[in-house]
Amino acid sequence: MFVGTFFICLFIFIMQFLWLYVDELVGKGIPMDALMKFFYFTALTLVPKSLPLAVLLAALITFGNFGERMELTAMKAAGIPLLRIMKPLILFCVGLGMVSFYFQNVTIPYANLELQRLLISMKQKSPELEIPEGAFYDGIDNYNLYVKRKDSNTGM
């Protein structure tokens, strides 16, 4: 349950982050490997935001299902205290907190540095011109170009 909610939260945060930089990515002919690096480092930097939401959502779903099926009531009727019922969740959160602390001290600074480098290089890349074949193109100031045909291998 936790893994599914974690990746859903991470996907939502990545899409939100992408909308901030979509105008700098579109139309520049950025290669697929650079885009994959961008998404990878973005995902690494957004893990601290999506982790608590995933834990909360997974716990709410799990205990909601317990309540819906009357399992929580049955456990309470059997004399099991609520803290004992929640003990696995508490231990999981403590372990996740330790892993998250290490992750934020080691991985996040490197991912932020690489993401900022990648964003700067993407911002500085000039837009790619798409000149159609067999038509006049006037997208460049003071020039009117006619391209009879383009060689797909050389780009000339």
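The legends below describe close-up views of a predicted model. Local features need pLDDT of at least 70 and side-chain atom pairs count only at pLDDT 80 or more, while totals for chains, interfaces and linings use all residues. Residues are numbered from 1 along each chain as its sequence is written, and side-chain values use heavy atoms, without hydrogens and water.

View 1. The structure holds eight aromatic pairs (ring centres of Phe, Tyr or Trp, the latter by its six-membered ring, within 6.5 Å; planes under 30 degrees apart are stacked, over 60 edge-to-face, the rest tilted). Phe-2 and Phe-6 form a stacked pair, 6.1 Å centre to centre with 25 degrees between the planes. Phe-6 has 12% relative accessibility and counts as buried (buried is under 20% relative accessible area, exposed over 50%, partly exposed in between; 1.4 Å probe, protein chains only). Ring pairs also link Phe-2, Phe-6, Phe-7 and Phe-92 into a cluster.

**View 2. Aromatic pair of Phe-41 and Tyr-110**. The ring centres of Phe-41 and Tyr-110 are 6.1 Å apart and the planes stand at 80 degrees, so the pair is edge-to-face. Phe-41 in helix α2 and Tyr-110 in helix α5 are 69 residues apart, and their pair links distant parts of the chain. Phe-41 is buried at 9% relative accessibility, whereas Tyr-110 is partly exposed at 48%.

View 3. With 18% relative accessibility, Glu-114 counts as buried.

Notes:
Helices (H or I, at least four residues) and strands (E, at least two) are DSSP runs, numbered from the N terminus.
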